[in-house]
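Please look through the structure below. The questions and answers that follow take up a few of its features.

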Amino acid sequence: MSSVWRNWAGNEEARPRRVLRPASTEEVAAAVKDATRSGLRVKAVGAGHSFSAVAVAPDVQLRPDRLDGVSSIDPRTGLVTVGAGMPLWKLTPLLAAQGLAMENLGDIDRQTVSGAISTGTHGSGARFGGIATQVRALELVLADGSVTTCSADEHPELFAAARVGLGALGVITRVTLQCVPLFALHAHDVAMPVADVLADIDGFAADNDHFEFFWFPHSGTALTRRFRRLPATVPLKPIGAFARRLDETVSGLGFEGLNRIGTRFPGLVPPITRFAARAMSSREWTDLSHRVFASVRDVRFHEGEFAVPREHAGDALRELKRWIDAHEEKVSFPLEVRFAAADDIWLSTAQGRDTCYIAFHQYHRMPYRRYFRACQDILGSYGGRPHWGKMHDLDAADLRPRYPHFDGFVALRDALDPTGAFTNPYLDRVLGPAPSSP
């Protein structure tokens with residue numbers, strides 16, 4: 001079985017020699033052994049929602065969609081073990097039926113559990129870490145085909161690295177998550193002058209359980225989004241079916257149409273985005289957490305994102321705005337700004353520091369390279385670390401000084417996979433080639 005694989009955004013593709021769909025850890029181990037005997041590289045790929053080439057498989061592609069089962073759920077402890085290919089959108093209602101929830105989620109839930117943790121996917125909330133901080137144990141197939149497990153108590157060094165492992169240390173086959181009792185979120189969207197948001201950005205992040213905002217750079221308006229955590233027993237007041245369909249139409253087909261106009265007539269992009277900013281309305285609703293965290297994204301785009309120390313958030317955003325204005329760059333999508341707590345995972349973008357995530361997007365039919373390079377340079381000047389699943393062109397020399405445990409991660413990779421069985425061109429660039437790779 002072989003085919004052309006493309007990621008969600010359509011900017012990365014692969015033509016692997018083999019495409020396999022293992023249904024068990026044993027089948028993954030057999031596939032890895034067979035690949036290494038043949039001198040082939042092997043990569044697992046999840047839902048393909050990464051914008052970077054982190055999961056591109058040059059030789060053997062493992063698709064984990066058959067590794068999507070639930071091994072165990074313990075409502076008393078909140079520990080839940082699932083297959084690596086379990087999609088987040090499928091997992092969350094299963095948890096809810098058992099009175100459980102994930103502590104935090106991103107604003108997209110199409111990813112698999114293993115893909116989300118391996119790339120450092122996160123949500124927003126100054127007191128909450130990324131999804132990988134919820135992991136309590138991992139089962140991996142290593143390059144020699146052996147199977148190992150790791151946790152804080154068992155192989156703790158591997159655990160510190162593999163929770164955001166980029167697929168470089170082994171193929172994850174099973175994940176144990178620490179879940180929390182089911183809870184609701186009260187959501188409040190408020191459109192505000194962006195100057196007011198930037199003036200008190202730390203206060204907004206600290207005073208809300210979850211806070212994020214969207215800012216079209218050609219506009220002076222930001223849509224702030226605040227979530228307050230509530231017991232699951234509170235009366236729910238979800239967005240009505242008609243309002244939800246209207247939202248999806250406006251943000252989907254309507255926004256797609258506006259972007260197509262902007263692509264054909266770039267001079268209209270600033271007024272179009274100012275119109276879109278004015279259309280952002282204030283509203284409130286309450287629903288179970290997994291129905292609030294994630295939203296539908298139908299309009300395709302390219303995306304980069306950098307994690308900067310939280311104290312630099314306002315200055316970094318103002319500098320991005322100055323560059324866009326000075327260069328008359330036509331930016332059709334908003335900047336998305338989120339927050340996360342520091343963690344201790346070696347290649348987590350929040351390792352060792354409270355973090356502000358600044359994501360920059362461009363409609364997939366519009367030029368983006370100059371804008372993305374400027375964002376990379378500006379955010380990098382504040383110590384920004386690129387999201388592993390999003391677009392950047394930094395290499396190991398650029399990344400090493402940004403991560404205190406970078407050399408430790410590479411040394412562990414070199415010990416576990418000296419021949420580069422799990423490498424691809426992206427990993428060769430961001431980590432350096434394995435010592436005995438061809």
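A salt bridge is a side-chain nitrogen of Lys or Arg within 4 Å of a carboxyl oxygen of Asp or Glu. This is a predicted model, in which local features need pLDDT of at least 70 and side-chain atom pairs count only at pLDDT 80 or more, while totals for chains, interfaces and linings use all residues. Residues are numbered from 1 along each chain as its sequence is written, and side-chain values use heavy atoms, with hydrogens and water left out.

Q: How many salt bridges does a search of the whole structure find?
A: Side chains of opposite charge can pair when their charged atoms come close. A search of the whole structure puts the number of salt bridges at 30.

Q: Which residue forms a salt bridge with Asp107?
A: Helices (H or I, at least four residues) and strands (E, at least two) are DSSP runs, numbered from the N terminus. Asp107 lies in the loop between strand 8 (100-101) and helix 3 (113-118), and its partner lies in the loop between helix 9 (289-293) and strand 17 (301-309), so the pair ties together parts that are 190 residues apart in sequence. The closest N and O atoms are 2.8 Å apart, and the partner is Arg297.

Q: Is Asp107 buried or exposed?
A: Buried means under 20% relative accessible area, exposed over 50%, and partly exposed in between (1.4 Å probe, protein chains only). Asp107 has a relative accessible area of 10%, so Asp107 is buried.

Q: What is the N to O distance in the salt bridge of Glu336 and Arg338?
A: Glu336 counts as buried because its relative accessibility is 2%. Arg338 also counts as buried, at 3%. Their side chains meet in a salt bridge with an N to O distance of 3.6 Å.

Q: Which residues are linked with Asp107 in a network of salt bridges?
A: Asp107 forms a salt bridge with Arg297, and Arg297 forms one with Glu336. Glu336 in turn meets Arg338. The residues linked with Asp107 in the network are Arg297, Glu303, Glu305, Glu336, Arg338 and Lys390.

Q: Which backbone oxygen lies 2.5 Å from a polar atom of the side chain of His210?
A: His210 is in strand 14 (residues 210-215). With a relative accessible area of 1%, His210 is buried. The oxygen at 2.5 Å from its side chain belongs to the backbone of Ser124.

Q: What is the C-alpha separation of Phe213 and Phe409?
A: Phe213 is in strand 14 and counts as buried, at 0% relative accessibility. Phe213 and Phe409 are 196 residues apart along the chain, and their C-alpha atoms are separated by 33 Å.

Q: Which residues form a negative surface patch with Asp207?
A: Patches are made of residues with over 30% relative accessible area and no salt bridge; like charges are joined within 9 Å, nonpolar side chains (Val, Leu, Ile, Met, Phe, Trp, Tyr) within 5 Å. Asp207 is in helix 6 (residues 201-207) and counts as exposed because its relative accessibility is 63%. The residues that form the patch with Asp207 are Asp200, Asp202 and Glu311.

Q: What is the area of the nonpolar surface patch made by Ile261, Phe265 and Leu268?
A: Leu268 is found in the loop between helix 7 (241-264) and helix 8 (269-279). Leu268 is partly exposed, with a relative accessible area of 38%. Accessible areas come from the Shrake-Rupley method with a 1.4 Å probe, and for residues only the protein chains shown count as cover. The area of the patch is about 260 Å².

Q: What is the phi of Glu328?
A: Glu328 lies in the loop between helix 10 (313-327) and strand 18. Glu328 counts as exposed, at 61% relative accessibility. Its phi is a positive value in a residue other than glycine, near 50°.

Methods. Lys, Arg positive; Asp, Glu negative; His and termini not counted. Charge placed at Lys NZ, Arg CZ, Asp CG, Glu CD. Polar contact = N/O pair within 3.5 Å; in protein donor to acceptor, adjacent residues only side chain to side chain.
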